[in-house]
Amino acid sequence: MTKEAPLVSMKGISIEFPGVKALDNVDLRLFPGEVHALMGENGAGKSTMIKALTGVYKINAGTITVNGQNRIFNGTADAQNAGIATVYQEVNLCTNLSVGENVMLGHEVRGHLGINWRKTHEAAKGFLAQMGLTDLDPHTPLNEISIAMQQLVAIARAMVIDAKVLILDEPTSSLDANEVQDLFRIMRKVRDRGIAILFVSHFLDQVYEIADRMTILRNGKFVEETMVKDMPRDVLITKMIGKNADELSLIGTKSRKETPQAATDRPLASVRGFGRKGSIYPFDMDLFKGKIMGLAGLLGSGRTEIGRLLFGADKPDKGTYTFDGKKISIDSPANALKNKIAYSTENRRDEGIIGDLTVRENIILALQATRGMFRPIPRKEADRIVDKYIKELNVRPADPDRLIKNLSGGNQQKVLLARWLATDPELLILDEPTRGIDIGAKAEIQQTVLDLAAQGMSVVFISSELDEVVRLSDQITVLKDRHKIDLMDNDDTVSQQTIVEDIANTSVSGQSQGKEER
Amino acid sequence: MMKKSASRQAGFRLSPRAIPTVAAVVIFLLMLIMGQVLFGTYIRLGFMSSLFMDHAYLVILAVAMTFPILTGGIDLSVGAIVAITGVVGVKLMIAGVPAGLVIVIMIAIGAVFGLLAGVLIEEFNMQPFIATLSTMFLARGIASIISTDSLNMPQNNNFSWIGGEGLKIIDNPKISNDLSLNFGVIVALVVVAVSYVILHKTRTGRTIYAIGGSRSSAELMGLPVKRTQYVIYLTSAVLASIASIVYVAGIGSAKNTMGVGWELDAVAAVVIGGTLITGGYGYVLGSVIGALVRSIIDPLTSDFGVPAEAVTIVVGLMILVFVILQRLVTFVRKE
Amino acid sequence: MSKPAKQQSEDEGPSFLRRIFGNQLIWSVVAFLALIVVCTLVDHSFLSLSYNPRTGGLAGPLITMIQESARYLMIATGMTLVISTSGIDLSVGSLMAVAGAAAMQMLINGVNVWMAILISLAVGLVLGCINGALVSILGLQPFITTLIMMLAGRGLAKVITNGQNADASGVAGSGPLRWMANGFILGIPANFVIAVIIVCLVGLLMRKTAAGMMIESVGINQEASRMTGIKPRRILFLVYAISGLLAAVAGLFATASVMRVDVVKTGQDLEMYAILAVVIGGTSLLGGKFSLLGSAFGAVIIAMIRKTIITLGIDSAATPAFFAVVVIIICVMQAPKVHNAVAEFKRRRAMRQSAEVVA
Amino acid sequence: ACGSSGSSSSKGGDKQKTIGFVAVGPEGGFRTANENDLKKAFKNAGFNMIYSPTQNNDQQKQIQAFNKFVNDEVDAIVLSSTEDSGWDESLKKAKEAEIPVFLVDRNVQTKDESLVASHIGPSNEWAGQQAAEFVNKNFPDGANGLILEGPAGLSVVKDRQKGWDSKIGGNIKVLESQSANWSTDEAKTVTAGLLDKYKSQNVQFIFSQNDEMGLGAAQAVDAAGLKGKVKIITIDGTKPALKALIDGDLSLVIEYNPLFGETTAKTVKDYLDGKKVKKNIVIDSKVFTADEAKKVIDSRAY
Ligand SMILES: Nc1ncnc2c1ncn2[C@@H]1O[C@H](COP(=O)(O)OP(=O)(O)OP(=O)(O)O)[C@@H](O)[C@H]1O
Ligand SMILES: Nc1ncnc2c1ncn2[C@@H]1O[C@H](COP(=O)(O)OP(=O)(O)OP(=O)(O)O)[C@@H](O)[C@H]1O
Ligand SMILES: [Mg+2]
Ligand SMILES: [Mg+2]
């Protein structure tokens, strides 16, 4: 594209954390008016590179030039002042404040008497509308909206800063197709204003759609910088993970759809009229041994709520729960675990990892909880379990004594999966298990899920990637506005398209009001 | 989407974050009424006047404490700062330094301790609790080194008008029906107003709330966290010196043992006022109510004729009942 | 609240050794030795130990120091667990007074000494459980809950003794209790030995079972812990109960040493000392990873600071200031900024050079 | 809202008179005995007494209680202050409301003598003097000793010290004064430390400013094997101290007589009946040696 000088140029960047060299002599250039994709598998150093640029981490070697000037930032504030707006990988907003306050924090509209809140909220509304969040009231407390919406709010916040460089670290990880398109529309608009965008995503389709140029990292080392159009997909994959692309893409090619549900089987778990006021309208669901139930729906359609109810993370206020033929009442995760039900959360940071504990402790924690505090897992057994899952799920670095908060996002996700597998559940509920996971690992996790089902585990699979749901599930429950609107056997007639149409064509509003009143 | 329209339909809805504060107001009024019904002396102009005049200092301290607590921190040094600024202030007055200058010096001393706390917290990673516990010991210790005497302000100083009897707005034959006001109360009101503006109308104030929500997020959002932390501990220390000015002017003397345990009264006031001790939520007006509630507990226990030994138990239980009630109200409202 | 991301990377010790000891502990040891040196300079016989046939134990300044440290060891241990769950227990000082008052009053009333010990421990445990119930079941904030208990406990002590400073020094048959605080085991103060044994027991309970890990887990992220199947409420209840029980032990130590409870002074301000000990020992007030060994060391340092104050004959007016200065020095030395200063300096220099090369 | 109507304690001819007692609150030996005695005496004299203690010796809480009593229009206020100054503003209010104020135990400095009806209490200086004279008498050739003080800055501490300083002989050497915060347990630790420190200088006496600390000191002395060799003098005269005196743990106990409730009640009554009362009523206290202690120990109420 442009032949101008780069807006940002990072040369020979190295960053060392105790025990790991996260970045080793890496270069990165951002040109104005370009979307630049930073590629690499989990733990390659993408987020670290971004944090190096914005001064969150101190660099051990290298130079950073912004606009031709040698710069070292002392934190995000500095970087912002130099025109670099950043949306970090983990949503970093303040849950105690409202959506509007979060968007405008530090940039509130001021009048004669300090902040003019009316104008501030109006401005926030404008920025939210840009992100397609036209209906979101800026006064809503942030902790009342879903992670995905929070991610959009975070991006809206980045728009507030009149930036020359916009950095988006995995902004699409929890968005569905529509939101991604909205986001891309904005990114293009911004790019056309001559702003440099740094974009990180594990979705190759997205990268090929939006990015102009890419830099590939591997194991903290610089591999290559090229134009996207010159880089064939399979070559890219090989460069990123060093594996052959063919090894990855073999999974779930409709193979499972040939085994529709035998109607006579007794379900492992079954709920009737299950619901909770304010989160999900009553629904029925049957889950079978060895089968995968996919949940499909748009953002905020109630998929997570179903997962949480089935696990007892929230208490249901209606309906019955039958498990293995017995009526059970599940009012806490501890209780669910006793019944061999496990749930991996979509909110990794707040409900998943225990940041200051080691990988080992994070893995055995749930298993330990089922045994009770006074029957500790013998060290040997713990080591065996931990080693097994670190290997099986390919957690990197494979060091069980590392604090989990220091792992890259994708690897944290793998550790969480390991935590639940270690409890040997009969019903495994996975909420966005592949969020933020690189293509190699995603294939591995998907394969793991299939294997588990094949071994007889019942799986509930929740994902914003419809494609993934369609590929893995035996049956798909479709949700809209917190109603279960459909249950389909995943046979040849089902595709992403049919599900999207199903959602679009079903109306639930009348139904919902009726139910609410009763 | 759905959520939003739902809240629109509900029309007027008390923000759930304000509920504990509103509960504090309601319970305060109930306590007043109870006192009036049982003992007949609570809803009197004189009682109200002295409630405010005698507790102007606590209102200021509660406001001071609100700042660090909103960020999830705490300032344990406020009581000790009252002592050291008071002792130094009266010493200076005895030495003949004019009142205006004395006030400036007292505030400067407070600021020094606030700054020290800020440095310990921000530069040396000390947790606020420990940093301000240290400055508390330090301030109290220096105050004791300076003097352990009860220092009396010289006669005819031009200082005591601040805390003195002040003006009588309504002067009835009986003092218990006088409505009076002194400068200390006005200072407290100004402090409350200014703090309200800082917290709700300035970016610094919003940063304080953001830090309380999540410090690391606030940093990654590019907010001036470090600077704000300095502002917070400076503010609380300076307000403590202002409380000292008001209090010392009121009683006309100062002493190294002044203000022992006031930090805990201030914390209690802040918490009663609905501010979360872990930070992020709360209002400075709540703290004012909290201070008043805290103040009215003592006369109530004494009027109830609680046996001497059990007084602190009853005070504790009253705060407990209060916190539990507040919790229930919050819970019910949420459901 | 999590620590600023910038510092997170610097907090981790690289080596295995550092992990075990933590930087904190090294500095505690240094501070401890420094205090001993100062004391020895002033009082040349500070380190001297002699055998005192009257008491059947060793005598000397260090001995009185560790004798005093026993009570700090107890409350610091309980406080460590509470702080690890990101709570705080301000009531330990008052609970000491309650347990002490109960024991003394019972002795005066002719209760058997063992019975008195048991009941006063039970009283501490029950009050600790009340703290625990309020925090875990009602979900009240630990700071305010234990602040209330601090007020109420002090009152309870006064109620138990009718406002008097119950004096059981003349009660016959109180030998075992007296021995607990004043006796010696193999020449070493019995209360110190008992305290060390209790600390070890708690340590074993924490580290040989999964209790420690679960406590830390709850302290780091309560919601995530709940989602993992841990029952945070039970854990919270447990730590406050333990803290109450250990405070009662400390209360027995404090009162049995003179066989007399002082309803106002017994345990006064000791919650602050306990918190300081915990922090000096390297456990963060934000909760999470805890180190009982560190806290134990912190407790001994607190006793050592107080001993130093007496040895140096610091004017009583100046003692708080001296205390503050020592604490500030220790905490500042522990700050990552200080022990990373050298590394940071090198890094800056390297960066500057590379910048020059580029320019 | 002017609610003067419902006052429960308004002045009226034959009605029971209400007394507000601004107290310190139970803090052990002396104080508890004193306040209980006052309460009992006033009750016996037919008064209704409202009791309001402070916490942490906080003067502010006392001021608040005082002002509340003024607003309640009690008939008289009895004030047992934690501090000897800082009362002018409140006393003026009381005067305006025509409520007489009686100081008990501690005296208070005022600009205007007329603000206070009377002060009733024993003398701290006197107690300090007795201690000094005992030491002078026992060690005519001079001696080394220690002083255990109360919390730095309290006026009791200063007055007792002042009394001591005014009488102590020139050949008596105080090696060190340390605060043990009125506490038995701290006194034991502090004394043990000081005895270690001054081992070579032959400590011969310890002047402890109250009984509690004296008892702690006695135990430290005992543990160091110095019982009988170190004379311990304490002030207050509580029962445990007298017992220790008889047992030989202490050498002299100077009473600081807490039992002046009757005197106080009578003074208040007289004043309210329009009689003239003395401005300063000093309560007599005794000095106990072991022999004298034996005589009173059984009848001692506190
Ligand atoms: N604060 C830290 N302390 C120690 N190691 C760290 C820290 N942060 C990151 N690392 C390590 O640095 C490496 C790079 O991590 P980074 O988060 O940059 O990966 P990433 O490319 O963003 O991966 P992902 O796609 O999973 O987000 C990883 O091995 C990680 O474990
Ligand atoms: N329309 C909405 N407006 C505001 N908040 C919503 C809305 N819908 C859902 N939420 C909130 O968002 C959170 C997550 O919602 P839900 O579990 O229904 O989403 P989901 O279907 O799992 O989608 P995703 O996981 O992609 O966010 C819940 O806390 C819910 O209260
Ligand atoms: Mg990343
Ligand atoms: Mg979801």
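Which element supplies the largest share of the shell around ligand 1? In this predicted model, the largest share comes from α1(A), which contributes three residues. The shell around ligand 1 comprises 20 residues, of which A:Gly43, A:Lys46, A:Ser47, A:Thr48 and A:Asn406 come nearest. By class, six residues of this shell are nonpolar, 11 are polar and three are charged.

Polar contacts to ligand 1 involve both backbone and side-chain atoms of chain A. At A:Gly43, a backbone N or O atom is 2.8 Å from an oxygen atom of ligand 1. The side chain of A:His202 places an N or O atom 2.9 Å from an oxygen atom of the ligand. A nitrogen atom of ligand 1 lies 3.4 Å from a polar side-chain atom of A:Tyr57. The protein buries 94% of the 640 Å² that ligand 1 exposes when taken alone. With regard to domains, ligand 1 lies between domain 1 (8-241) and domain 3 (349-424) of chain A, because both give residues to its shell.

Ligand 2 is surrounded by 17 residues, and the closest are A:Gly302, A:Arg303, A:Thr304, A:Glu305 and A:Glu346. The site is shared between chains, because residues from chains A and B surround the ligand. Within chain A, domain 1 (8-241) and domain 2 (265-340 + 427-518) both give residues to the shell, so ligand 2 lies between these two domains. The shell consists of five nonpolar, five polar and seven charged residues.

For A:Thr304, an N or O atom of the side chain is 2.3 Å from an oxygen atom of ligand 2. Taken alone, ligand 2 exposes 610 Å², of which the protein buries 91%. Two or more residues of the shell are given by each of α9 (303-311) of chain A and α1 (2-9) of chain B. Of the elements around ligand 2, α9(A) gives the most, with three residues.

In chain B, an unreviewed UniProt entry assigns the feature "transmembrane region" to residues 21-43, 55-88, 100-121, 179-199, 230-252, 264-284 and 304-325. Residues 21-43 of chain B are 83% helix and 0% strand, with end C-alpha atoms 22 Å apart. Residues 179-199 of chain B are 81% helix and 14% strand, and the end C-alpha atoms of this span lie 31 Å apart.

For chain C, the unreviewed UniProt entry places the feature "transmembrane region" at residues 25-47, 72-101, 113-140, 184-206, 235-254, 274-305 and 317-335. The span 25-47 of chain C is 78% helix and 0% strand, and its end C-alpha atoms are 22 Å apart.

Chain D contains an open sheet of six strands in the order β7-β6-β8-β9-β10-β12, with mixed pairing. Strands β7 (172-179) and β12 (287-288) of chain D stand at the edges and have a single partner strand each, so one side of each is left without a neighbour in the sheet. Within the sheet, β9 (residues 231-236) and β10 (residues 252-255) of chain D pair in the parallel sense over four bridges. D:Asp236 stands opposite D:Glu255 of β10(D).

Two backbone features were noted in loops of chain A. The peptide bond from A:Arg396 to A:Pro397 is cis, with omega near -5 degrees. A:Asn219, although not a glycine, has a positive phi of about 50 degrees. This residue, A:Asn219, is in the loop between β11 (213-218) and β12 (221-227) of chain A.

How values were computed
Residues are numbered from 1 along each chain as its sequence is written. Chains are lettered from A and ligands numbered from 1 in the order in which they are written. This is a predicted model: local features need pLDDT of at least 70, side-chain atom pairs count only at pLDDT 80 or more; totals for chains, interfaces and linings use all residues. Side-chain values use heavy atoms; hydrogens and water are left out. A residue is near a molecule or strand if one of its heavy atoms lies within 4 Å of it. A polar contact is a pair of N or O atoms within 3.5 Å; within protein, one must be able to donate a hydrogen and the other to accept it, and residues adjacent in sequence count only if both atoms are side-chain atoms. Accessible areas come from the Shrake-Rupley method with a 1.4 Å probe; for residues, only the protein chains shown count as cover. Ala, Val, Leu, Ile, Met, Phe, Trp, Tyr, Cys and Pro count as nonpolar, Asp, Glu, Lys and Arg as charged, and the others, Gly among them, as polar. Domain bounds come from an automatic or database domain assignment. UniProt positions are given in the numbering used here, feature names are shortened, and annotations may be inferred rather than shown by experiment. Two strands pair if DSSP finds at least two bridges between them.
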